[in-house]
Amino acid sequence: MASTTNNNEIYAFQKWLRDTYGNAVDLGNSGENKDGVDGVFGKKTKPLWDKYKDEYGKATNLDVNNAPHEDK
């Protein structure tokens, strides 16, 4: 099970995706607002992380070498 910190990191990434790309990215319809922003590193978030992590890292100045769900 992911830690709260990891869930927050995943949530932040998903929110950034939604804010940056709107409905052009498919995060599903889970979460409080039914927009896919739910803090879960699931089957829709994983490929989006692989595709957008470098851009996200540049936009947020975060280290994106490890996916947020990976234990360090």
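Let's start with Tyr52: with a relative accessible area of 11%, it falls under the 20% cut-off, so this residue is buried. Keep in mind that you're looking at a predicted model.

Tyr52 has an aromatic partner, Tyr21, and the pair is tilted. The two sit in distant parts of the chain, with Tyr21 in helix H1 and Tyr52 in helix H2, 31 residues apart. Is Tyr21 buried or exposed, or something in between? At 26% relative accessibility, Tyr21 counts as partly exposed.

Now for another pair, Phe13 and Trp49. Their ring planes stand at 75 degrees, so this one is edge-to-face. Phe13 belongs to helix H1 and Trp49 to helix H2, so the pair ties together parts 36 residues apart in sequence. Phe13 is buried at 1% relative accessibility, and Trp49 is buried too, at 4%.

Here are the two pairs together:

| Pair | Centre to centre | Angle between planes | Type |
|---|---|---|---|
| Phe13 and Trp49 | 4.9 Å | 75 degrees | edge-to-face |
| Tyr21 and Tyr52 | 4.7 Å | 40 degrees | tilted |

How many aromatic pairs does the count come to? It comes to seven. One aromatic cluster is made up of Phe13, Trp16, Tyr21, Trp49, Tyr52 and Tyr56.

What about the wider picture? The chain has two helices and zero strands. Its largest nonpolar core has 13 residues, and those with the most contacts inside it include Phe13, Trp49 and Tyr52. Helix H1 (4-21) and helix H2 (45-60) each supply at least two residues of that core. Of the chain's 72 residues, 32% count as buried.

Terms used. Residues are numbered from 1 along each chain as its sequence is written. This is a predicted model: local features need pLDDT of at least 70, side-chain atom pairs count only at pLDDT 80 or more; totals for chains, interfaces and linings use all residues. Side-chain values use heavy atoms; hydrogens and water are left out. A nonpolar core is a set of buried Ala, Val, Leu, Ile, Met, Phe, Trp, Tyr and Cys residues joined through side-chain atoms within 4.5 Å. Buried means under 20% relative accessible area, exposed over 50%, partly exposed in between (1.4 Å probe, protein chains only). Helices (H or I, at least four residues) and strands (E, at least two) are DSSP runs, numbered from the N terminus. Rings of Phe, Tyr and Trp (its six-membered ring) pair if their centres lie within 6.5 Å; planes under 30 degrees apart count as stacked, over 60 as edge-to-face and the rest as tilted.
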